[in-house]
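Dear colleague,

I am handing over a structure that you have not worked with before, and I would be glad if you could look through it alongside the notes below.

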Amino acid sequence: MVDLSVKLGNLEMPNPVMPASGTFSPEMAQVIDINALGATITKTVSRELRDGNPPPRVSEVECGMINCIGLPGKGLDYFLTELLPQYTQYIPPTIVSITSTTEEDFAAMAADCSVPGVQALEINISCPTRDPNGGNFALHADHTANTVRQVRAATDLTIIVKLSPNAGDVVSIAKAAEDAGADVLTIANTILSMRIDTNSFRPTLGFKVGGMSGPAVKPIILRMVYHVAKAVSIPIIGCGGIVKAEDVVEYMLAGASAVQVGYASFRNPTAMI
């Protein structure tokens, strides 16, 4: 039997495959054995209720999809009391994905989510459709470092920092996150994209732009993983365009220690297994 176990910071996983945040929920237990996963990751939670972006929120394109969900949710209190127990009932370690609009609240969110049953936090500083300008903390090394530094001071849990492929120099962002105290890096979030309906002459998404995922982005993200792996000493989770086992191997050859699967689960809910 091959040993597929992986250690990311203090996070010990039985295998390297986990869902990408926002593409998984415990309801998938109806079609897969959740206990077979390396870890589970919650949908990104914010402190306050968020309505998310206006519909339509998803647009299919060749070799992928564009989404502009906008991180909707019922807020932190609802998450901790109602949703988190649905994740922690399973054997794989639970990773909580958090977001905020300020560096200080990122730290406060990290402290609030450092509760029994949670093994790690994924700091989502990179959602491309969280605000109308598409901006995020992960586009700037100083914002990344300041956020991670404050989060590090607020929790003893393993900190996973989710980076953006839309940054001009993802290597410098990665190094800033590592220097500030990140234990692990997720590379990467979705790539800003757009599609226009040639019948209506209007963008296909209510938000007009969104984040693209799917097989088309894999070569782009793979290159980022390769370069970042040469520049940092902490583990990397590869995320982008994985639809088959060979894609996982390819990411590992580029320098990743584990992977997240998103788009593939929409096409085939059993893909991670």
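Predicted model: local features only at pLDDT ≥ 70, side-chain atom pairs only at ≥ 80, totals over all residues.

Residues are numbered from 1 along each chain as its sequence is written, and side-chain values use heavy atoms, with hydrogens and water left out.

Helix packing

Two packed helices are described by the angle between their axes and the distance between the axes. Helices (H or I, at least four residues) and strands (E, at least two) are DSSP runs, numbered from the N terminus; axes are lines fitted to C-alpha atoms, for helices over the stretch in contact, and angles run from 0 to 180 degrees between N-to-C directions.

The axes of helix 2 (residues 103-112) and helix 3 (residues 141-154) come within 8 Å and cross at roughly 30°, and these two helices are therefore roughly parallel to each other (angles under 35 degrees count as roughly parallel, over 145 as roughly antiparallel, 65 to 115 as roughly perpendicular and the rest as oblique). In the contact, meaning heavy atoms within 4.5 Å, helix 2 contributes Glu103, Glu104, Phe106, Ala107, Ala110 and Ala111, which meet His143, Asn146, Thr147, Gln150, Val151 and Ala154 of helix 3. By class, this contact of helix 2 with helix 3 has six nonpolar, four polar and two charged residues (Ala, Val, Leu, Ile, Met, Phe, Trp, Tyr, Cys and Pro count as nonpolar, Asp, Glu, Lys and Arg as charged, and the others, Gly among them, as polar).

For helix 4 (residues 170-180) and helix 5 (residues 218-231), the axes come within 9 Å and cross at roughly 45°, and helix 4 and helix 5 are therefore oblique to each other. Val170, Val171, Ala174, Lys175 and Glu178 of helix 4 meet Met224, His227, Val228 and Ala231 of helix 5, a contact that divides into six nonpolar, one polar and two charged residues.

Helix 5 also packs with helix 6, their axes coming within 8 Å and crossing at roughly 30°. Here Lys218, Ile221, Leu222, Val225, Tyr226 and Ala229 in helix 5 meet Asp247, Glu250, Tyr251 and Ala254 in helix 6, and the residues involved are seven nonpolar, no polar and three charged.

A pocket

The second largest pocket holds about 210 Å³ of space. Its lining includes Leu4, Pro16, Leu37, Val248, Met252 and Ile273, and the largest share of that lining, four residues, comes from helix 6 (residues 245-254). The lining residues divide into 11 nonpolar, one polar and no charged. On a 1 Å grid over the protein atoms alone, a cavity is a set of points where a 1.4 Å probe fits but cannot get out, whereas a pocket is an open set with protein on both sides within 12 Å along at least five of seven lines, and lining residues have an atom within 4 Å of a point. Grid points are joined across faces, edges and corners, and a volume is the space filled by probe spheres set on the points.

Backbone features

A cis peptide bond, with omega about -5°, joins proline 55 and proline 56, and proline 56 lies in the loop between strand 4 (40-41) and strand 5 (58-61). The peptide bond from isoleucine 187 to alanine 188 is also cis, with omega near 10°. Cysteine 63, although not a glycine, has a positive phi of about 65°.

With best regards
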